[in-house]
Amino acid sequence: KPGEQKHSKEPSSSPCMHLAVVACGDRLEETLIMLKSAVLFSNRRLCFHIFSEDSLKLEFKKKLQEWPSSYTKKFEYNIYPITFSVGNAQEWKKLFKPCAAQRLFLPVILKDVDSLLYVDTDVLFLRPIDDIWHILKEFNSTQLAAMAPEHEIPKIGWYSRFARHPYYGTTGVNSGVMLMNLTRIRNTQFKNSMIPSGLTWEEMLYPLYQKYKNYITWGDQDLLNIIFYFNPECLYVFPCQWNYRPDHCMYGSNCKGAEEEGVSILHGNRGVYHDDKQPTFKALYEVIRDFPFEDNLFQSLYYPLQSKFLDTVHTLCGRIPQVFLKQIEKTMKKVYENRVIVYLGANHRY
C-alpha cells in the first residue's frame with residue numbers, strides 16, 4: 001500500500017493476532033508502552049498496524065528496533081499514513097481528538113485483514129491478547145464488532161444523561177477497545193436513518209457524520225454508537241474488565257467483572273497516566289514503562305507495583321488493589337510455569 005512501511009523478522013504468512021492503534025501528536029510514548037504491554041504478556045504472534053503522522057514514523061521504527069530480539073521476534077509491524085477514503089480529510093482529522101476518526105476507516109484500509117483488535121493509545125494489557133482474541137469465536141452469525149459499555153450505571157452515564165443523538169443500549173458503548181471482524185463489516189448492509197435501504201460501511205460514514213455533526217460530542221465514538229443503535233444485532237458487548245477506566249472506581253467500584261476476575265485491559269483515559277488525579281492508573285503505566293525487558297516479571301514489575309499501590313490508598317481506586325493485580329499475577333504465574341516446564345523438559349532429554 002502507498003506509504004506503508006512493513007517490518008518483520010519472520011514470514012508474514014505465520015498466523016497472528018492483529019492489533020491496530022492510531023497515534024498522532026504527543027502519543028508516541030503512550031503507544032509504545034501499550035505495545036510493550038501487549039508483547040510482554042501475549043502468547044501468539046502479533047501483527048501491529050500503527051497509523052501515524054509522518055513526523056512520528058521514524059521514531060516508532062527507531063524505538064521498536066531498540067527492543068531486545070527475544071521480544072521483537074514475537075511481532076511484526078506496519079506503519080501507515082493517516083488517510084480518509086471518503087469526505088473531507090481535514091474535517092475527519094479534527095473530529096474530537098487528532099486523527100481519532102481514522103479507526104472508522106480500518107475496514108476500508110486493511111482489506112487483507114480478516115479480524116482486528118483496535119485500541120486507543122492509552123490502553124494497557126494486563127493479560128494476554130490471546131484471551132480477548134478468543135471472543136471472536138463467541139460472535140453469533142450477525143455480530144461483527146465488540147465493545148464494552150460506556151458506563152455500568154445509567155444514572156451516572158454520560159450518554160443516558162446528555163446525548164442528543166441515538167446511542168447503543170442504556171448507557172452507550174466505549175470505542176477505546178474494539179474487536180472487529182473486518183470481513184463481516186465489509187460485507188454487511190447497515191440499516192441507517194438516512195435512506196430506507198442498507199448502506200455499506202464506507203458509504204455510510206460521511207453522510208452519517210454530516211447528519212449528526214452538530215449533535216456529537218465524542219466524535220467517532222458517537223458515530224459508532226449511532227451505527228449500532230440502528231444495528232444492535234451486529235454488536236457483541238463484552239464486560240467492563242476488558243475496558244476498565246477511571247469511571248469504574250473513582251466514584252466507588254462499579255465493575256463487577258473486575259472485582260471477580262481482575263482488570264484485563266486498563267484504559268487510562270482522562271489523561272490519568274500523566275497527572276496525579278488517579279495515582280493507581282499512573283503507577284501501572286510507570287511500572288510497565290520502566291520495566292527492563294529481560295528482567296524477572298515478579299521482581300521488576302509485580303513487586304514495584306505493589307509498593308507503588310501503597311501510596312494510592314487515599315483514593316477510591318487505590319483501595320481495591322487486588323482488582324488491578326489479579327490478572328497480572330495470574331499471567332505471570334503462567335509465564336513462570338511455562339518456563340519451568342520448558343526448562344525441565346529440556347533437561348530431561350539429557
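Modeller: With a term. Helices are DSSP runs of H or I, at least four residues long, numbered from the N terminus. Keep in mind that this is a predicted model.

Colleague: How many helices and strands does the protein chain have?

Modeller: The protein chain has 14 helices and ten strands.

Colleague: How do I read the radius of gyration of the protein chain?

Modeller: Compare it with the globule rule. For 350 residues, a compact globule would come near 20 Å, and the protein chain has 20 Å, which agrees. Of these residues, 55% count as buried.

Colleague: Now salt bridges. What counts as one?

Modeller: A side-chain nitrogen of Lys or Arg must lie within 4 Å of a carboxyl oxygen of Asp or Glu. The structure holds 13 salt bridges. Take D54 and K57, with their closest N and O atoms 3.3 Å apart. Both lie in helix α2, three residues apart, about one turn of the helix.

Colleague: Is D54 buried or exposed? And what about K57?

Modeller: Exposed means over 50% relative accessible area, buried under 20%. D54 is exposed at 60%. K57 is buried at 8%.

Colleague: Which helices does the pair K308 and E286 tie together?

Modeller: First the contact: their side chains meet in a salt bridge, 3.0 Å from N to O. K308 lies in helix α13 and E286 in helix α12, so the pair ties together parts 22 residues apart in sequence. K308 is partly exposed at 30%, while E286 is buried at 17%.

Notes. Residues numbered from 1 in each chain as written. Predicted model: local features only at pLDDT ≥ 70, side-chain atom pairs only at ≥ 80, totals over all residues. Heavy atoms only, no water. Helix = DSSP H or I, 4+ residues; strand = E, 2+ residues; numbered from the N terminus. Rg over C-alpha atoms; globule rule 2.2 N^0.38 Å. Buried < 20%, exposed > 50% of the residue type's maximum accessible area, 1.4 Å probe, protein only.
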